[in-house]
Amino acid sequence: MRRRFDWPAYLILSLGVVLFVFPVWLVFAGATQDPGAINRGDLSLMPDFAHLGIFLSVLLHGDSSHGAEPVWHMMMISAAMALVIAVGKIVISVLSAYAVVFFRFPFRMLAFWTIFITLMLPVEVRIIPTYAVMADFHLINTFAGLTVPLLASATATLLFRQVYLAIPDELVESARMDGAGPIRFLFDMLIPVSGANIAALFVILFVFGWNQYLWPLLVATDSRLDTIVIGIVQLMNEGFTLTPWNTMMAMAVLSILPPIVVVVAMQRWFVKGLTEVEK
Amino acid sequence: MERRTIFGGWLLPVALVLPQLLVTIFFFLLPAARAIYSSFTETDAFGLHTRFVGLDNFVSLFSDSGYRDSFVTTAIFCALVTFLALALALLLAVFADHEIRGRSIYRVLLIWPYAVAPAVSAVLWVFVMHPQVGLIGRWLNQIGINWDYTLNGSQALGLVIVAGAWTQVSYNFVFFLAGLQSIPASVIEAAWMDGARGLRRFRTIILPLLMPTTFFLLIVNLVYAAFETFGTIMALTHGGPGQATETLVVKVYRDGVINLDLAGSSAQSAVLMIIVIGLTALQFRFLDRRTLS
């Protein structure tokens, strides 16, 4: 087969890239422009490089006219939430998959199916009663309330169970011959073996945690617990005239940067992991 | 799920599985049970008496034309979001599978949108499509098209569909590309020898081999469109204008959290539960079949 210049591929892929980059570029460029001009309908695709400082001032102060928390504070809440959810889900799932695969205990299958069933009960199908339970536990407007109820993960448990089931019996047997107890076996054997899966899950769960919207909307009304995603949508909804457009645009750009950095930096694991996790 | 080699004792495993189990019981099972319970009961205005009313809540739910409209809106929304997100991802994946220079750069440039929160993607689209401020929205009005998604219901629905699909393309792209790369080169070569090229090769060889991936993605995308686009819709239109973009999840939120209609929103929750259970069952039935074969 003789190679020709594959122009249709370049054309289609470039159009695809433009479709994704265009809205982000527009918002990036808009952030550096004069809010009055934007309001008059003079949004331009050309950023005003003299005003890149807007990103720093939004990060440090946010929309101070509004009594909202500064953007860095919202980003800290988002980051803490994403990290606790990602790490917590992984730890909890590794432990329960380990228990289910390598031990026999009463009601083992019942425990497994109980975990599995969470797949079928997203927050959306139990909004009001979940709020009631949260109130009973005094978890409304707490950081624990923001994170702990999201820590169960049927997906991650299923994945680790799959990985552990594939470990050859000989390996387990030889570890036991060497005198490894269950705890040492977990740390010296299972966790290193599933390193790639853990990395992949981390990316997926970090993005999942950072991008939460309905859950924080429901359980955290205190503005000190506002995540960046909640903060932006709130400004968008109430502040169409109150908040300067460029402030909102700068916030939008800042809000998508951390998860994008994580996905791009860890893309090798992410791509492999995503197709293995199969949600 | 059996292994031959296992450790003894049951105290340790119970302790290991307990954290996950407690979270599941208190924050998933308990609320779900309460939702089902209150969907069959009615509480008076003072919250003093609760009585069992059987299917009454469901009957009044389905006799409400607003709810039936929301069903139709959700069906249209899910079908179009899924179709757009799948078609675009497949197109891009087919070309990203070509052996061209810089293809790994193209891949990164097509994968990053996975990281954009659905709610934030809606904010981005406001600046593109807002009738006064948005670059394209304003331009549409200048060339004489009466574009205002804050007033026009079908334009609003169109916009939330586009914004909803936009965030999901990357996910599908990753899966389609993985699917394409797992097709053995020998199969493609054999097809080439037989004279199957271009579109014909795609239709007769590649597409059938991608069917398992497509079916899996179809269900994942339907679930995404039905549930995870809540943020997109809330940020763009709040379910409006009127009820034009009020999907079932937006409605359950509006009725339950904003209008505090406990019985009605519980009945809606129960209906949603049936939908998720159906979709999940389909997904796993299919997955099992594939792991067996």
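Helices here are DSSP runs of H or I with at least four residues, numbered from the N terminus. The model is predicted.

Start with chain B. The loop between α10 (230-236) and α11 (248-258) of chain B holds B:Pro241. A cis peptide bond links B:Gly240 to B:Pro241, with omega at about -5 degrees. Most peptide bonds are trans, and most residues other than glycine have a negative phi.

A:His138 sits between α6 (127-136) and α7 (143-147) of chain A. Its phi is near 55 degrees, a positive value in a residue other than glycine. A:His138 counts as exposed because it has 10 C-beta neighbours inside 10 Å, and the cut-off for exposed is 12 or fewer. A:Asn141 also lies in the loop between α6 and α7 of chain A. Phi of A:Asn141 is positive too, near 60 degrees. With 14 other C-beta atoms within 10 Å, A:Asn141 is partly exposed.

Next comes a helix pair. In chain A, helix α11 (residues 195-210) packs with helix α14 (residues 245-265) at an angle of about 170 degrees, their axes 10 Å apart. The two are therefore roughly antiparallel, since angles over 145 degrees count as such. From α11(A), the contact uses A:Val203, A:Phe206, A:Val207 and A:Trp210. From α14(A) come A:Pro258, A:Pro259, A:Val262 and A:Val263. By class, this contact has eight nonpolar residues, no polar and no charged ones.

Last, the two chains meet. Here 82 residues of chain A are in contact with 80 residues of chain B. On the chain A side, helix α1 (residues 7-31) gives the most, with 13 residues. That side has 59 nonpolar, 14 polar and nine charged residues.

Notes: Residues numbered from 1 in each chain as written. Chains lettered and ligands numbered in written order. Predicted model: local features only at pLDDT ≥ 70, side-chain atom pairs only at ≥ 80, totals over all residues. Axes fitted to C-alpha atoms, helices over the stretch in contact; angles between N-to-C directions. Parallel < 35°, antiparallel > 145°, perpendicular 65-115°, else oblique. Contact = placed C-beta atoms within 7 Å. Nonpolar A, V, L, I, M, F, W, Y, C, P; charged D, E, K, R; others polar. Buried ≥ 20, exposed ≤ 12 C-beta atoms within 10 Å, placed from the backbone.
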